[in-house]
Amino acid sequence: MNKTTHNITESPEKVRSNAFILGYQNGGQIQHDIIQYLNQRKHYEVQWLENLRNSTVPTTLVWGEEDTIAPTKVSDYVWANYLKVRTAQSNYWIIPGANHYVQNDKPEIVSKLIRRSFGEEVDFREISEEERPYSRMA
């Protein structure tokens with residue numbers, strides 16, 4: 001049997017850096033959990049989205065305009081194919097200047113959108129024009 005060996009040599013600094021990342025706040029477990037999530041998503045994503053489309057629960061989709069992990073083309077797709085066509089109430093909001101963790105980037109705006117989705121009158125005029133959320137519901 002012919003064995004191929006790969007001799008990869010990493011600098012001690014890089015090895016220490018990687019060990020630190022994996023050891024910091026249980027990073028190794030988090031990495032494992034992310035891999036598990038990605039495997040489940042690959043297997044169940046269409047089923048999850050179809051269940052969302054068929055759900056009678058009102059839904060508000062809030063997305064960060066600057067999300068580089070899941071750009072707005074992802075949320076546009078979910079809106080157009082699964083939420084817009086529902087009979088249950090659905091809303092879709094984009095928040096300028098917000099990234100993937102929109103609730104951390106713009107918590108006050110997310111709070112207003114949640115309150116609005118529950119029927120509260122919310123005035124967005126107090127938010128600057130460049131930070132004001134906009135809807136893609138049409």
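**Helix packing and aromatic pairs**

Y82 is buried, its relative accessible area being 7%, a value that falls under the 20% limit used for burial. In this predicted model, Y82 also takes part in the contact between helix α2 (residues 27-54) and helix α3 (residues 72-83). These two helices pack at an angle of about 55°, and their axes are 9 Å apart, which makes α2 oblique to α3. On the α2 side the contact is formed by L49, E50, L52 and R53, and on the α3 side by V78, N81, Y82 and L83. Sorted by class, the residues in this contact of α2 with α3 comprise five nonpolar, one polar and two charged.

The aromatic side chains were examined next. In total, four aromatic pairs are counted. One of them joins Y44 and W48, whose ring centres lie 6.1 Å apart with the planes at 20°, so that the pair is classed as stacked, the cut-off for stacking being planes under 30 degrees apart. Both Y44 and W48 belong to helix α2, where they are four residues apart, or about one turn of the helix. Y44 counts as partly exposed at 34% relative accessibility, and W48 is likewise partly exposed, with a relative accessible area of 37%. For Y77 and Y82, the ring centres are 6.1 Å apart and the planes stand at 65°, so this pair is edge-to-face, given that planes over 60 degrees apart fall in that class. Within this pair, Y77 is partly exposed, with a relative accessible area of 45%, whereas Y82 is buried at 7%.

Helix α1 (residues 12-23) was considered in terms of its length, its cover and its packing. At 1.5 Å a residue, the twelve residues of α1 should span 16 Å, and this agrees with the end C-alpha atoms, which are 16 Å apart. The helix is hardly covered, as the count of buried residues among its twelve residues is zero. Following α1 is Q25, which has a positive phi, near 45°.

Helices α1 and α2 pack at an angle of about 75°, with their axes 5 Å apart, and are therefore roughly perpendicular to each other. This contact involves I21, L22 and G23 of α1 together with G27, G28 and Q31 of α2. By class, the contact of α1 with α2 includes two nonpolar and four polar residues, and no charged residues, while two charged residues are found in the contact of α2 with α3.

How values were computed. Residues are numbered from 1 along each chain as its sequence is written. This is a predicted model: local features need pLDDT of at least 70, side-chain atom pairs count only at pLDDT 80 or more; totals for chains, interfaces and linings use all residues. Side-chain values use heavy atoms; hydrogens and water are left out. Axes are lines fitted to C-alpha atoms, for helices over the stretch in contact, and angles run from 0 to 180 degrees between N-to-C directions. Angles under 35 degrees count as roughly parallel, over 145 as roughly antiparallel, 65 to 115 as roughly perpendicular and the rest as oblique. Contact means heavy atoms within 4.5 Å. Ala, Val, Leu, Ile, Met, Phe, Trp, Tyr, Cys and Pro count as nonpolar, Asp, Glu, Lys and Arg as charged, and the others, Gly among them, as polar. The expected span of a helix is 1.5 Å times one less than its number of residues. Buried means under 20% relative accessible area, exposed over 50%, partly exposed in between (1.4 Å probe, protein chains only). Rings of Phe, Tyr and Trp (its six-membered ring) pair if their centres lie within 6.5 Å; planes under 30 degrees apart count as stacked, over 60 as edge-to-face and the rest as tilted.
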